[in-house]
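Me: I would like to go through this model with you, one topic at a time. Could you start once it is on the screen?

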Amino acid sequence: MGLLFIDGNQAVAMGATHAGCRFFAAYPITPASTLLEAMLEILPAAGGVVLQGEDEIASIGYCLGASMAGLKAMTATSGPGLSLCSENISFAIAGEIPLVIVDVMRQGPSTGSATRGADGDIQFMRWGSSGGLPVIVLAPTDVSDCFTLTANGFNLAEKFRCPVFIASNKEIGMTRETLDMETVEKPEVIDRAPHTSGQFVPFQVKAGEDVPPFLPIGGPIPVRQTSSTHGPDGYITTKPFEIQASVERLQRKIEASVSSFSYFDLEKMEGARILIVVYGVTARAARAAAAELLRDLQTPVSLLVLKTLWPVPEEVLRVAAEGMERVLVVEMNLGQYVHEVRRVLAKQRVDFYGKMSGQLISPKEIIEEVQRG
Amino acid sequence: MVSLLNPDRPPVFCPGCSHDRSLKALDQAFQKMGLEGSDVVIVSDIGCSGLFDTFFNTHALHGLHGRALTYGAGIKLAQPQLKVVVTMGDGGLGIGGAHLLAACRRNLDLTLLVLNNFNFGMTGGQFSCTTPEQASVASGFLNVLEKPMDVCTVAASGGAPFVVRASVYKKELSKLLVEAISFDGFSVVDLWGICPARYLKRNPLSPKDIEAAIMELPPFEGVVAANERREYGSHYREKSDGESAAPDWRGIEKAFEPPVKARREVVLLGTAGERVITAGTLLAHAAILAGMHITQKNDYNITIMRGPSVTEIIVSPEPISYTGVEQPDVIVALSEEGVRRGWDLFSKVGAEGRVILSAGVKIPATAGQILETDFKVEGIKKKERALAALTLLAKSGDPVTLEMLREAISQSFHGKRREEAQNVLERAAEIPVDARTQSK
């Protein structure tokens, strides 16, 4: 087995295929377009469907239909397209429709710069849908992560019946790098749990569980799906206790399980008094910075690379920051995730360094920020 | 013949609402076709038409305003045996106009019922895309300013192969719906009716008026001959069966020992059309043949055949963390607009570094050795220059050798493209180049 030379978007396509994705719909947008190309190379030959939607609203809509009809589905876009997906994202949440959404982020605001990277959608992915219910967001740092986290993303979407975001970036999605597939973690594939016995009630959960068993539209038993506020039977409900129980369950099923899918790398350094918290492509600069700080400046710093961003893996943050004099959050934006870190580490000093100029944050900038003390 | 209506959930339309008739006609159509609840999915969206799915004991999906056609298409492609009936009002049609056009062009086997009652009933009787200019509605004078849309004309010109305009009061409406649902392709049924709660309050409208109004418009009674063609789903499955096998993920096997076991940062600064990024990928491929780790990061404008084109390649015996170029070992300067994009990099090149310079291109101060070539004089065309420059680099054996570059070409290209590339390499390999430092 040799080395692959692929970009992050191709690696996402491979991870999706590994996870059993059989439906992909997207509207062309730089820097996500090569994902459409990659899926076109893979899916039709594998018996799957690729649609080029008339817009991003349609593309996610096609995916929701296909997912409800039993196929694992994915869409991919960038910030401007994600804006259009918003209404259907909340449908995926409300209707508990498994779906993977890849956001290959680019410089914003607005149409911004198509060929420049940024991490400006980190809070947008979490909060950019009506109702404010939680979603899962995973952030790759390289092509290997793109494969593994996309496969994990499908598994989580299936397990919890929810939308899962892959928070990519032009600098990952369109940067090609060598990948040894033999060293890549390939998660075991999980499928949504089917309803097996008794009367099928579309949103009824079993005692002690928070995710309703699934049946596809098109099977022998008629299935109801609705974007309206519904009771377990999938019909509109106006009963306040039923509505409250439903939204609390939708929140609980995602947030209560975060420890089971808190992906991260913690590189603890002996004698470190500073913890750098970072995600996405910036993690690579931080890693280089940490190595240089230790090697050339005899300054040990610990590094926490978060790959699960939402729900916030609070326990991971607390453990990593324990005893640290200073926590430095570095982001390719004007300060988004730092708000979560400050919330979780309320009693600790949390500093921020970031920029959103279309350029990568360099190891040198991070080193200077560390030295600023 | 069993009704598919849900006895536990009787219709809740306003007294006199024409949706009631459409609902019953649809149920009769299902019965005539001998369909069971599991054979059908009703896909609806927002507004009174969005209640349809709740009255049937079938598969059902109720979603966002105007997007029902998109859900229906996803379902149909996943479950081709299903009869997919999409219900929308004139409101949903307006907000989801792009989806109507896409569905017409695509010709997937869906049936769209437009329950057209000329206003937004549920939100207070505002005007929709089908409200007549002379109607009095809850949007003040605004509807007077806009021309109503003829659903059928739009659908037919959009490519729908089955289009019908009918009054809900038409006799044998269910027969018409059977035809539409049975049609193998996208069928549009523009059903005109009365909204007693809103529209009728301000606008006298009788079944006879509707009949008369329909008579005045171009007739649409079913198959649109000019649009008849293959149904999308079966066509898609046929085409995808013919697709080649899954892509090759075996990767590039190691075939050389690395000539240099050190990290190298190489930047190509050129212009669209010089095949800069392709050359960068070839360099990467050549280095991978020696088992090196590579990142390749490109920078270009959104214009395709104009503007700067930049590729940054890092070659390393170790895994690469940061993908940015900080201290280039090699800069290939092919054009001034490319050089302007990478202007700041030149001062970071050390005395050991190299700049491969296309004659006449102005560059800023640099400590690196300069290898200048007049590609024009050497007969190297614009699209050949990036590869020719790489060949000059490979002659030094750092970071790749000519042999590695030859093998990369042979593995990357086929046929004529391979011959062309090989030809460029061999010609460029003959170009004598002396290194010099920048004159002060």
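Reply: Helix 2 (residues 33-42) of chain A is largely enclosed by the rest of the structure, because 7 of its 10 residues are buried. A residue is buried if 20 or more other C-beta atoms lie within 10 Å of its own, exposed if 12 or fewer, and partly exposed in between, with C-beta atoms placed from the backbone. Helices (H or I, at least four residues) and strands (E, at least two) are DSSP runs, numbered from the N terminus. The model is predicted: local features need pLDDT of at least 70 and side-chain atom pairs count only at pLDDT 80 or more, while totals for chains, interfaces and linings use all residues. Residues are numbered from 1 along each chain as its sequence is written, and chains are lettered from A and ligands numbered from 1 in the order in which they are written.

Me: Which residues of helix 2 of chain A are buried?
Reply: The buried residues are A:Ser33, A:Thr34, A:Leu35, A:Leu36, A:Ala38, A:Met39 and A:Ile42.

Me: And what covers the buried residues there?
Reply: The cover includes helix 1 (8-19) of chain A, together with strand 1 (4-7), strand 2 (21-26), strand 3 (49-52), strand 4 (72-77) and strand 5 of chain A.

Me: Which residues touch the most other members of the largest nonpolar core?
Reply: They are A:Ile276, B:Ile75 and B:Ala287, in a core of 259 residues. A nonpolar core is a set of buried Ala, Val, Leu, Ile, Met, Phe, Trp, Tyr and Cys residues joined through C-beta atoms within 7 Å.

Me: What is A:Ile276 in contact with, leaving aside its neighbours within four places in sequence?
Reply: A:Ile276 is in contact with A:Ala286, A:Ala290, A:Val301, A:Leu303, A:Leu328, A:Val330 and A:Ile366. Two residues are in contact if their C-beta atoms, placed from the backbone, lie within 7 Å.

Me: On to the two chains. How many residues of chain B are in contact with chain A?
Reply: 55 residues of chain B are in contact with 59 residues of chain A. Helix 3 (68-78) of chain B gives the largest share of the chain B side, 8 residues. That side divides into 24 nonpolar, 24 polar and 7 charged residues. Here Ala, Val, Leu, Ile, Met, Phe, Trp, Tyr, Cys and Pro count as nonpolar, Asp, Glu, Lys and Arg as charged, and the others, Gly among them, as polar.

Me: Which strand of chain A pairs with strand 2 of chain B?
Reply: Strand 10 of chain A pairs with strand 2 of chain B in the parallel sense, over 3 bridges. Two strands pair if DSSP finds at least two bridges between them. A:Thr226 stands opposite B:His62 in this strand of chain B.

Me: What is the strand order of the sheet?
Reply: The order is 10(A)-2(B)-1(B)-3(B)-4(B)-6(B)-5(B)-7(B), in an open sheet of 8 strands with mixed pairing. Its edge strands, each pairing on one side only, are strand 10 (224-226) of chain A and strand 7 (221-223) of chain B.

Me: What about strands 3 and 4 of chain B?
Reply: Strand 3 (residues 83-89) and strand 4 (residues 111-116) of chain B pair in the parallel sense over 5 bridges. B:Val86 has B:Leu112 as its bridge partner in strand 4 of chain B.

Me: Now the helices. At what angle do helix 11 and helix 13 of chain B pack?
Reply: Helix 11 (residues 276-288) and helix 13 (residues 385-394) of chain B pack at about 35°, with their axes 8 Å apart. Axes are lines fitted to C-alpha atoms, for helices over the stretch in contact, and angles run from 0 to 180 degrees between N-to-C directions. Helix 11 of chain B contributes B:Val276, B:Ala279, B:Leu282 and B:Leu283 to the contact, and helix 13 of chain B contributes B:Ala386, B:Leu387 and B:Leu390. These residues divide into 7 nonpolar, no polar and no charged.

Me: Where are the cis peptide bonds that you have noted?
Reply: One runs from A:Trp310 to A:Pro311, with omega near -10°. A:Pro311 lies in the loop between strand 14 (308-310) and helix 10 (314-321) of chain A. Another joins B:Asp398 and B:Pro399, with omega about 5°.

Me: Is A:Glu96 buried or exposed?
Reply: A:Glu96 is buried, because 22 other C-beta atoms lie within 10 Å. Its phi is positive, about 55°, although A:Glu96 is not a glycine.
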